[in-house]
Amino acid sequence: MSTSRRPWMITVLAVVSLVAACSGDGGTEGGDAGGYPDQNITFVVPFSAGGPTDTVTRMIADPMAKALGGKIVVQNVEGAGGTVAAGQVAQAEPDGYTVLMHHIGMSTAPALYKDLSYQPLEDFATIGLVTEVPMTVVARKDFAPADLAGLTTYVKANSDKVTLANAGIGAASHLCGLLFQSAAGVKLQEVPYQGTGPALTDLVGGQVDFMCDQTTNTTGQITAGKVKAYAVTTPERVKSLPDVPTTTEAGMPQLQVSVWHGLYAPAGTPPEIVQKLSEALKTALADQAVIDQMAKLGTAPVAAADATPEAHRAHLEEQITTWAKVISDAGVKAS
Ligand code: MLT
């Protein structure tokens, strides 16, 4: 929870439990063979309520609950760029009732944290990929620079004053911020929040200058003219933001990043339960209402073939290797 206007310290842990009972047909008795699920399933979100990861989780929670014939409770566990929640789920009972929604941060944390309490590939069962969300470079609406080139020149000239918000070390907004600073050749003051939900609120309020954040969080504020949008960090423009240029069009082709999301269970969770969760995920991603909601916010479900434990694990492995190199090349040391 970002409390003060310019929070410099990452508060370690705040647990905000928002129960969104997504009731399925037949209630908790509805579980089929093996009786799973016969109690509420908790989906843990490692960032603040109302932010992009929370938004994606709540999009699929209801249709997954229906497909499973159970109830899903969404719980926000904030802190340390998502590593607190991941550490908690790694220690949870491997019984299928605790599931983590995490993103690219699962693959960057090993390179950014010296003493991580978990190993992404050893301590989790991958369930399936969910979506890959483009990012946007956005600023408070009265910020001077008119475009990305102007932003680069301005931050270089004012690097001691400009504030760059993010959701903590290892968050997608932090990673994108690193890539921006590396591309611009500048080191800026970073303002960490517990999620980009509260960070965007402060950006709209003019308390921080700019940030990188996912379209699932920024589309509404951009189209409402509440924030300035300089670019999207993908090779193609985003349909829901047709007027926002790509970083390549805006002169910073090296700033390419999109935020893949996946579901995880604690290692040791029975494979048949992991399979059931993966099947329910596929059902949710094929749901027209989910497809429409994602499109409105600039993203789309992954292909069904990627919503599988195997495809997810292969992607996680590749991403851990990829980002370890990018982060070390950017001269960032694990802390
Ligand atoms: C959030 O949900 O707040 C974001 O995913 C944070 C981030 O990774 O930038």
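Which helices each supply at least two residues of the shell around the ligand? In this predicted model, the helices that do so are helix 1, which spans residues 52-68, and helix 5, which spans residues 172-184.

The shell is made up of Phe47, Pro52, Thr53, His103, Ala167, Ala171, Ala172, Ser173, Gly195, Thr196 and Gln214.

In the side chain of serine 173, an N or O atom is 2.6 Å from an oxygen atom of the ligand. Threonine 196 takes part through its backbone, where a polar atom is 2.8 Å from an oxygen atom of the ligand, whereas glutamine 214 brings a polar side-chain atom to a distance of 3.1 Å from a ligand oxygen atom. On its own the ligand has 260 Å² of accessible area, and the protein covers 100% of that area. The space that the ligand takes up is also the largest cavity.

A search of the whole structure finds one disulfide, and it is formed by cysteine 176 and cysteine 212, whose sulfur atoms are 2.1 Å apart. Because cysteine 176 lies in helix 5 and cysteine 212 lies in strand 9, which covers residues 210-214, this pair ties together parts that are 36 residues apart in sequence.

Most residues other than glycine have a negative phi, and most peptide bonds are trans. The peptide bond that leads from tyrosine 36 to proline 37, however, is cis, with omega near -5°, and proline 37 is found in the loop between strand 2 (22-23) and strand 3 (41-45). Alanine 80, although it is not a glycine, has a positive phi of about 50°, and this alanine 80 is located in the loop that runs between strand 4 (71-78) and helix 2 (83-91).

Technical notes
Residues numbered from 1 in each chain as written. Predicted model: local features only at pLDDT ≥ 70, side-chain atom pairs only at ≥ 80, totals over all residues. Heavy atoms only, no water. Near = heavy atom within 4 Å. Polar contact = N/O pair within 3.5 Å; in protein donor to acceptor, adjacent residues only side chain to side chain. Areas by Shrake-Rupley, 256 points an atom, 1.4 Å probe, with all protein chains shown as cover. 1 Å grid on protein atoms, 1.4 Å probe; cavity = no way out; pocket = protein on both sides within 12 Å on 5 of 7 lines; lining within 4 Å. Sits in = over half its atoms within 2 Å of the grid points. Helix = DSSP H or I, 4+ residues; strand = E, 2+ residues; numbered from the N terminus. Disulfide = S-S within 2.5 Å.
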